[in-house]
Amino acid sequence: MLRVAVPNKGALAETAAQMLAEAGYRGRRDSRTLVSVDNRNEVEFFYLRPRDIATYVGSGAVDLGITGLDLLLDSVTAAEVLQELQFADSTFRFAAPQHTITNLQELAGKRLATSYPKLVGDFLEKQGVAVHLVKLEGAVESAVRLGIADAVADVVSTGSTLRAAGLSIFGPVILESTAVLISNPEIAADKATAVTKLTKRINGVLAARNFVMMEYDLEERKLAAATAVCAGAQAPTVSPLATPGWVAVKVMVPVAETAEVMDQLADLGARAIIVTAIHAARL
């Protein structure tokens, strides 16, 4: 049976559980449950601390896991990234009181507070900058004000939390992180089919989230021009209408391009343009 580690709480947990449910897997129904068995799909889910998942996967205690790329890189583990999952995006940056430290070189020899000492330490080592790392658990914004650090390295979204603490961002981006599916590099051969099944299903969920189905009516003579606007995953599905010279067209469109494609199709004379969500897909 394939063993998969899933975040038990935090920002990763809810979306990871939803993704697995959309992929057809049966997860836990009670947030206090630590282990859930999906006999139909022959998968056993273990609900663990996100920060510990890379360690469990790397040791072979579980076969696969869902965690953040940041947490993987901050761990000492043999686990490898199998694929990105396109959620829980975050950016890691340096910050210090305004005008005190303005570039990476000025950070040399200073005290740097972070909850990701390995991740940040490895980055600084590659940059040739030596610092005194101060490891903290959780938020680090108050470290400078409380006098235990000269600067911090932390996750940045809008930067408002850092500004509220009197800090300004400086230097290069440390990491653009995202949720990832990770694997043990030595998974048993008899589990290969289950791994392939899970990854295909997850890719189906991602495809469904990244595309919409667009349907419209159009004069047949304009079909080539409409196909040039959006050809779909392979080619549009075209059906004749009762009105001579008209066809009904169905095509997959990237979510980000939906409005622009609708505008262009309308300009071509398309009518009854309808957009619907896709529940699941295989591309």
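Before I look at strand pairs, I note that two strands count as paired if DSSP finds at least two bridges between them. I also keep in mind that this is a predicted model.

**Entry 1: strand E9 and its partners**

I looked up Leu 112 and found that its bridge partner in E9 is Ala 151. This belongs to the pairing of strand E7 (residues 111–114) with E9, which is parallel and runs over 3 bridges. I then turned to strand E6 (residues 90–97), which is joined to E9 by 5 bridges and runs antiparallel to E9. There I found Thr 91 opposite Val 156 in E9. Is E9 enclosed or open? I noted that 5 of the 6 residues of strand E9 (residues 151–156) are buried, so E9 is largely enclosed by the rest of the structure.

**Entry 2: the open sheet**

Next I followed an open sheet of 6 strands, whose order is E2-E3-E1-E4-E11-E5 and whose pairing is mixed. Which strands stand at the edges? They are strand E2 (35–38) and strand E5 (80–84), and each has a single partner strand, so one side of each is left without a neighbour in the sheet. I recorded an average twist of 30° from one strand to the next.

For E5, I looked up the pairing with strand E11 (residues 179–183), which is antiparallel over 4 bridges, and I saw that Glu 80 stands opposite Ser 183 in E11.

**Entry 3: Asp 63**

I placed Asp 63 in the loop between helix H2 (50–59) and strand E4 (64–68). Is Asp 63 buried or exposed? Because buried means under 20% relative accessible area, Asp 63 counts as buried at 4% relative accessibility. Its side chain makes a polar contact with the side chain of Lys 191, at 2.9 Å. Leaving out residues up to four places away in sequence, I found that Asp 63 touches several residues, among them Met 1, Val 57, Ser 183 and Lys 191.

**Entry 4: the annotated span**

Finally I checked the UniProt record, an unreviewed entry, where the annotation "domain: ATP phosphoribosyltransferase catalytic" covers residues 49–203. In the model, the end C-alpha atoms of residues 49–203 lie 24 Å apart, and the span is 28% helix and 31% strand.

Notes: Residues are numbered from 1 along each chain as its sequence is written. This is a predicted model: local features need pLDDT of at least 70, side-chain atom pairs count only at pLDDT 80 or more; totals for chains, interfaces and linings use all residues. Side-chain values use heavy atoms; hydrogens and water are left out. Helices (H or I, at least four residues) and strands (E, at least two) are DSSP runs, numbered from the N terminus. Buried means under 20% relative accessible area, exposed over 50%, partly exposed in between (1.4 Å probe, protein chains only). A polar contact is a pair of N or O atoms within 3.5 Å; within protein, one must be able to donate a hydrogen and the other to accept it, and residues adjacent in sequence count only if both atoms are side-chain atoms. Contact means heavy atoms within 4.5 Å. UniProt positions are given in the numbering used here, feature names are shortened, and annotations may be inferred rather than shown by experiment. Axes are lines fitted to C-alpha atoms, for helices over the stretch in contact, and angles run from 0 to 180 degrees between N-to-C directions.
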